[in-house]
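Reader: Can you walk me through this one? I'm new to reading structures.

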Amino acid sequence: MTISAFQCLLFAALCVLVASDIKVILDNAKVIAKGTFSNKLYYISKPPVASFAQAKNWCAANGAGYPVEIESLEEFAFLESLVKPNSGLRVFIAGTDANKDGTWVSQRTGAQLNVFDWSFGEPNNNERQEDCLELIADRAGRLNDIPCNNPNGVFSALCEKELF
Ligand SMILES: [Ca+2]
Ligand SMILES: [Ca+2]
Ligand SMILES: [Ca+2]
């Protein structure tokens with residue numbers, strides 16, 4: 001994104017926002033990977049998170065938006081390439097079926113999610129405690145339902161954020 005000094009004078013507040021975004025974009029120390037797709041920025045956190053709440057907090061605290069809501073096959077395909085197949089990555093994404101088993105909605109908006117590529121045998125709602133979603137880089141079907149708290153797991157947050 002380029003913005004002229006003249007525009008910056010006119011839109012000083014916006015420029016401050018843009019400058020802070022650029023800082024996030026350039027900060028490789030905080031992310032495993034980042035990318036852009038369809039006017040969105042995407043980030044995979046380097047620090048591990050152990051729960052959906054931690055993933056959500058990491059996205060917000062780093063100016064990276066919110067956990068990814070997969071809304072199209074195209075977005076899903078982009079995310080598959082971002083996590084890099086066989087990288088070992090497991091990432092928290094948006095989606096919960098806590099209210100109705102098998103009906104997945106965004107925690108942020110409540111909107112129903114309809115794009116899935118489940119791993120074999122998933123979603124299994126194991127021990128009736130799996131109400132959140134992960135995307136797994138190493139499986140052909142990449143989605144799995146998991147507990148929203150995974151103290152023993154090593155996950156990253158996968159965040160998306162609107163570009164200006
Ligand atoms: Ca999305
Ligand atoms: Ca469930
Ligand atoms: Ca499962």
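This is a predicted model: local features need pLDDT of at least 70, side-chain atom pairs count only at pLDDT 80 or more; totals for chains, interfaces and linings use all residues.

Reader: What are the protein donors of the calcium ion (ligand 1)?

Author: They are Glu69 (O), Glu71 (OE), Glu75 (OE), Glu75 (OE), Glu160 (OE) and Glu160 (OE). They lie 2.2 to 2.7 Å from the ion. Donors are N, O and S atoms within 2.8 Å of the metal (3.2 Å for Na, K and Ca); water is not among the atoms, so sites may look incomplete.

Reader: How are those donor residues spaced in sequence?

Author: The pattern is E-x1-E-x3-E-x84-E.

Reader: And what are the angles among its six donor atoms?

Author: They run from 50 to 138°, and the site of ligand 1 is irregular. Four donors count as tetrahedral if all angles lie between 85 and 135 degrees; four count as square planar and six as octahedral if opposite donors are over 155 degrees apart and all others between 65 and 115; anything else is irregular.

Reader: Now the calcium ion (ligand 2). Which protein donors does it have?

Author: Asp97 (OD), Asp97 (OD), Asp101 (OD), Asn125 (OD1), Glu130 (O) and Asp131 (OD). These sit 2.4 to 2.9 Å from the ion. The site of ligand 2 is irregular, with angles of 51 to 167° among its six donor atoms. The donor residues follow the spacing D-x3-D-x23-N-x4-E-D.

Reader: Is Asn125 buried or exposed?

Author: Buried, at a relative accessible area of 14%. Glu130 is buried too, at 9%. Buried means under 20% relative accessible area, exposed over 50%, partly exposed in between (1.4 Å probe, protein chains only).

Reader: New topic. How many salt bridges does a search of the whole structure find?

Author: Four. A salt bridge is a side-chain nitrogen of Lys or Arg within 4 Å of a carboxyl oxygen of Asp or Glu. One of them joins Lys40 and Glu160, at 3.0 Å from N to O. Lys40 is in strand 2 (residues 40–45) and Glu160 in strand 7 (residues 156–162), 120 residues apart. Strands (E, at least two residues) and helices (H or I, at least four) are DSSP runs, numbered from the N terminus.

Reader: Which residue forms a salt bridge with Glu69?

Author: Arg108, with the closest N and O atoms 2.9 Å apart. Arg108 lies in the loop between strand 4 and strand 5, and Glu69 in the loop between strand 3 (66–67) and helix 4 (73–83), so the pair ties together parts 39 residues apart in sequence. Arg108 is partly exposed, at 48%, while Glu69 is buried, at 4%.

Reader: Last one. Where is Glu122?

Author: In the loop between strand 4 (90–96) and strand 5 (132–136). Glu122 is buried yet has no salt bridge. The nearest side chain of opposite charge, Arg139, is 4.3 Å away. Here Lys and Arg count as positive and Asp and Glu as negative; His and the chain ends are not counted.

Reader: What does the side chain of Glu122 reach?

Author: The backbone nitrogen of Asn124, at 3.2 Å.

Notes:
Residues are numbered from 1 along each chain as its sequence is written. Chains are lettered from A and ligands numbered from 1 in the order in which they are written. Side-chain values use heavy atoms; hydrogens and water are left out. A polar contact is a pair of N or O atoms within 3.5 Å; within protein, one must be able to donate a hydrogen and the other to accept it, and residues adjacent in sequence count only if both atoms are side-chain atoms.
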